[in-house]
Amino acid sequence: MFFQLGWRNIWRNRRRTLVILTAVVIGVWSMIFLSSLMRGVADQFVSNGIKTLTGHIQVHHTGYREDPVVENSIKNPAGVEAVLTAVLPPEAQWAPRVRVNAVASNARHSTGITMVGIDPSREAGVSFIGEAITEGRYLKSDDPYGIVVGKALVKKFETKVGRKLVLMSQDTEGETASRAFRIVGVYRAEMQATEKQFAFVSMPAAQQMLNLSHGISEVAVLLAEHGQAMQVANTLRAELSADEYEVNTWQELLPMGSAIMKIYDWFIFIWFLVVFIAMGFGIVNTTLMAVFERVREFGLLKALGMKPWWIVKEVLIESFCLLILGMVIGNAAGFVSVLAISRTGIDLSALAAGMEYWGMSRVIYPHILGQDVMMANLVVFILGLVVSLYPAIKASRFTPVEALAHT
Amino acid sequence: MDIVKCTKVTKTYRQDTVVVRALSGASLSIQEGGFVAIAGPSGSGKTTLLNIIGGLDYADSGRVVVDGNVLTDMSQSALAHLRLHKVGFVFQAYNLIPVLSALENVEFVMLLQGVPPAERRERAKAILDDVGLGGMYDRRPAELSGGQQQRVAVARSIVSNPSIVLADEPTANLDSKTGASLLEIMQEMNEKKGVTFIFSTHDKMVMDYARRLIYLRDGRIVEDKIRNG
Amino acid sequence: MSIDLKMAWRNIWRHPRRAILTMAAIAFATVLLVFMLSWQFGSYDTMINAAVKVHTGHLQVQAAGYHEQQNMHLVVPDPVSVSRLLDDIPDVAAHTARATAFSLVSSHERTYGVAVRGIDPTKEAQVTTVGQVIRQGKYLSDDDAAQALVGGLLAKNLRVGVGDELVLLGQGRDGSIAATVVQVAGIFSYGQDELDRNVIYIPLPYFQEVYSMQGAVHEVVVLGTSLEAVPRIKRSVSAELKTIDKKNKLVVLDWMELMPGLIQSIQMDLISGFIMYLILIIVVAFSILNTFLMVIFERTREFGVFMALGTTPGRLTRLLLLESTTLTLLGTAMGIVAGSLVTWYFQVHGIVISGTSEMLQQYGLPERMYPQLSTLSIAVGAGLVLAITLAAALYPALKVRRLRPVEAMRAV
Ligand SMILES: Nc1ncnc2c1ncn2[C@@H]1O[C@H](COP(=O)(O)OP(=O)(O)OP(=O)(O)O)[C@@H](O)[C@H]1O
Ligand SMILES: [Mg+2]
């Protein structure tokens with residue numbers, strides 16, 4: 001009954017209601033849409049890191065992170081692998097790696113890189129490299145001299161598939177170890193820096209070159225969701241001796257990613273507040289106008305013995321109807337526009353170097369987060385009602401005398 | 001000379017499906033310097049006729065000539081120009097611009113006409129003195145009584161030296177004593193300045209001031225008599 | 001004051017509460033924009049200056065192709081004449097020459113591949129901040145020879161400290177093996193992992209000797225008196241270079257070409273900022289549109305009187321626009337004053353966003369950032385707000401033109 005009345009009242013002046021409704025709709029839409037874009041950016045940043053070898057969880061020999069050399073490798077990977085098979089959730093993937101700093105050189109050039117020895121089929125399930133080959137082929141599990149390098153490195157080295165590339169590093173004895181590889185494949189990555197940094201060889205080739213026998217540097221684990229990392233890491237920690245193994249989640253491995261996510265949390269909340277304030281002025285003003293037009297009506301109701309509280313309630317219910325309608329349309333518009341670009345994303349290739357400067361991808365895919373949607377709607381709804389209190393209380397204070405004097 | 005000449009003027013209003021014939025073939029001519037009352041029951045078409053003569057509205061058919069201008073052929077902006085220079089209006093109520101003082105309300109018309117400020121001020125003061133509002137130049141409409149507001153409206157309507165002043169029930173919101181004094185002022189202006197006044201009314205007392213009385217009924221002129229004056 | 005202006009002013013204050021709310025909404029948007037634009041412009045300055053001062057300088061003279069390939073054979077063969085030429089160009093504040101070679105660096109225990117840079121200690125300190133980030137030991141001096149500055153992370157990886165020896169092994173310009181032993185003179189830390197992990201500095205003359213550079217360098221780095229002077233300097237350097245570089249092998253690159261990512265990331269920030277501001281102002285515009293619209297509803301009869309008096313629709317529109325413009329201008333003016341004060345406060349005290357300092361450091365930025373109040377940020381901020389709110393005011397003002405006198409008079 002009250003709601004019917006409220007609903008009818010807001011449509012007494014259709015145009016005015018439509019105008020303020022538009023403000024609420026655009027506001028809510030921008031909250032949903034822009035927050036999903038910002039989440040998309042932060043997400044991509046983290047996903048990039050995770051796909052570019054970090055994974056969700058890494059297991060190392062204690063001390064490797066401080067001092068990433070072959071001495072600090074996992075000597076007995078079989079033990080770790082047994083634990084992983086036993087403990088990880090079924091949809092999780094993992095891959096062992098040998099990872100060392102090395103120098104790559106050919107006749108004309110040389111530069112520092114990271115050599116990564118991989119189990120090609122396992123690695124494909126964990127990181128980007130499995131689907132990133134654009135020329136030549138991917139590694140085979142026992143490729144003795146095959147190497148896969150990034151497009152940017154190939155360009156810098158003025159080389160191509162089929163040519164030789166010499167890697168040099170330190171073996172377990174601290175001696176210089178070198179091995180001549182042949183480029184079998186070229187990969188592209190989201191960022192040029194990645195293409196310049198990583199060169200992939202097969203696990204046996206790396207182990208042989210570094211005199212590692214069966215040792216590995218790390219195991220990377222990819223889970224179904226970013227959010228599971230903490231919990232799975234804890235179970236792993238319980239199973240693996242802390243003296244020998246270190247288990248880290250992506251939050252620890254990518255401090256920049258976590259920092260960016262935290263900043264965006266704040267930024268999104270502030271954006272919500274700012275947009276709300278922008279429409280809050282309109283809500284107060286419009287409600288005030290509506291209330292002042294009805295001075296007589298409210299005065300009369302009071303003369304008839306209506307309690308002030310009822311008038312407050314009536315005005316608040318009108319705001320409520322307006323806010324709910326605006327939120328429904330705004331949310332719908334937000335979801336629809338996110339859906340519309342979710343396939344193609346927003347392509348920022350024109351600013352690729354700028355994106356790379358901050359370590360971000362060229363294409364932004366929006367990502368709606370339940371917590372943002374809830375926060376946006378709560379901000380609009382609660383603050384919307386709070387600011388409507390002012391006109392509502394104003395209306396409840398009109399005296400019958402004032403009402404009759406008002407023309 | 002005829003300052004107003006209407007020939008077979010008709011006007012129909014349509015509201016949804018209902019068709020109201022507000023004027024059905026009204027013809028009349030009014031001579032310069034007249035002081036004419038248009039009377040008739042409510043809904044007889046008085047306001048409609050005055051609006052059409054004043055160029056606020058178009059007739060559906062027939063011909064309206066005011067001071068040599070054929071209104072029926074004129075554009076909106078030409079009509080605005082005509083109203084500014086040839087016609088003064090006094091309405092029943094809410095005549096004045098609420099944010100302007102009495103003096104400024106009177107000045108405003110001359111401002112539109114492009115009268116220089118000093119002259120504007122002088123003339124406005126003089127005319128307000130004429131209608132007996134000497135001490136109230138700076139009062140806003142809200143600070144004036146209904147009768148005083150109507151006097152400002154009369155002052156404003158004649159200050160631009162129009163050919164005719166149209167007053168639609170100028171006394172309807174006034175008590176009879178205030179109404180009578182407003183009529184006296186209008187009469188005085190008519191005599192002093194020779195401006196033609198046409199006003200509508202229901203009120204017998206007001207009709208008595210007129211020198212010519214035109215009766216409307218159902219959009220037709222049913223009686224037109226010259227009174228001794 | 002003309003009657004028109006008087007009317008506009010008095011009409012605004014017919015509903016003081018409404019007028020104040022409307023102006024507050026406009027002022028709010030203006031404050032936000034002035035502050036945010038000042039913040040953005042300020043941070044761009046900081047970013048550019050930081051990047052320029054850490055490494056690239058404002059401009060560099062290099063061999064064509066060196067920037068893309070970093071190939072040590074692409075050299076500036078005669079840096080002395082380039083530097084003589086630079087001495088005579090106005091607006092050049094300082095310049096220095098550098099050479100870089102990729103090398104293996106080994107301590108007793110470890111070997112890494114790094115970029116070894118030869119720098120002119122005195123001149124380098126005038127161009128970049130390297131002299132100010134020495135955390136242990138000391139900076140290089142001009143008489144030093146086999147002395148090196150090592151990045152903090154690299155020193156940790158190599159397990160060396162000040163005074164320890166390092167073996168450098170690389171290839172000279174002539175293809176010969178370049179090998180030497182240097183002593184760690186100092187350890188630097190920029191806070192940017194990229195540099196702290198991968199770079200060693202040695203004195204340029206010593207570098208040229210070890211890597212058989214035959215007097216050549218890879219880049220001549222120029223610092224201008226200001227960012228604005230860069231295009232001017234670039235023009236004169238390009239012109240002058242022709243006199244000594246007959247074969248056209250040298251190029252002048254400015255900081256935008258040296259760091260395309262930086263300028264693009266600024267553009268990206270500007271674009272995304274503007275999209276947000278636009279959305280915000282549109283919300284504000286709809287918030288206040290009702291104020292302007294109400295005029296039409298409430299004052300219809302008054303407009304009827306205006307028209308009966310012979311006011312043309314055009315003039316009526318002008319009157320209404322004058323009213324809304326005055327209101328909007330008042331709001332914007334309040335916003336400019338408040339926005340400038342807020343910005344100015346933070347310009348003096350700076351802003352630290354907690355939890356971001358680590359991240360900012362990685363991009364070479366200080367943790368305390370300062371907005372930069374400027375006529376540009378005020379003009380752009382207030383201009384955007386004005387333009388869009390006035391567009392909102394236009395709708396009712398134009399709508400009044402359709403009003404017919406008789407209809408208007410019938411409204412109460
Ligand atoms: N805009 C309009 N739309 C529809 N009908 C109208 C309109 N204006 C006038 N009418 C109708 O036209 C007829 C004449 O109206 P008008 O206002 O001229 O009468 P009036 O003589 O002035 O009456 P009153 O003495 O009540 O003022 C009436 O029946 C009225 O209802
Ligand atoms: Mg009437």
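Predicted model: local features only at pLDDT ≥ 70, side-chain atom pairs only at ≥ 80, totals over all residues.
Helix 1 of chain B gives the largest share of the shell around ligand 1, three residues.

**Ligand 1**

Ligand 1 lies between chains B and C. There are 15 residues around ligand 1, and those that come nearest are B:Ser42, B:Gly43, B:Lys46, B:Thr47 and B:Thr48.

| Residue | Distance to an oxygen atom of ligand 1 |
|---|---|
| B:Lys46 | 2.8 Å |
| B:Thr47 | 2.6 Å |
| B:Glu169 | 3.2 Å |

On its own, ligand 1 has 630 Å² of accessible area, and the protein covers 74% of this. Two or more residues of the shell come from each of strand 1 (2–15), strand 2 (18–31) and helix 1 (46–53) of chain B.

**Helix 14 of chain A**

Helix 14 of chain A runs over residues 370–396, which is 27 residues. From its first C-alpha to its last, helix 14 reaches 38 Å, close to the expected 39 Å. At A:Leu389 helix 14 bends by about 30°, and the proline A:Pro391 follows within four residues.

Which residues of helix 14 of chain A are buried? Among them are A:Asp372, A:Val373, A:Ala376, A:Asn377, A:Val380 and A:Gly384. An α-helix has 3.6 residues a turn, so residues three or four places apart point the same way. The buried residues of helix 14 pack against helix 2 (14–54), helix 10 (255–293), helix 11 (295–303) and helix 12 (308–342) of chain A.

Methods:
Residues numbered from 1 in each chain as written. Chains lettered and ligands numbered in written order. Heavy atoms only, no water. Expected span 1.5 Å × (residues − 1). Bend = angle between axes of the 7 residues up to and from the residue. Buried < 20%, exposed > 50% of the residue type's maximum accessible area, 1.4 Å probe, protein only. Contact = heavy atoms within 4.5 Å. Near = heavy atom within 4 Å. Polar contact = N/O pair within 3.5 Å; in protein donor to acceptor, adjacent residues only side chain to side chain. Areas by Shrake-Rupley, 256 points an atom, 1.4 Å probe, with all protein chains shown as cover.
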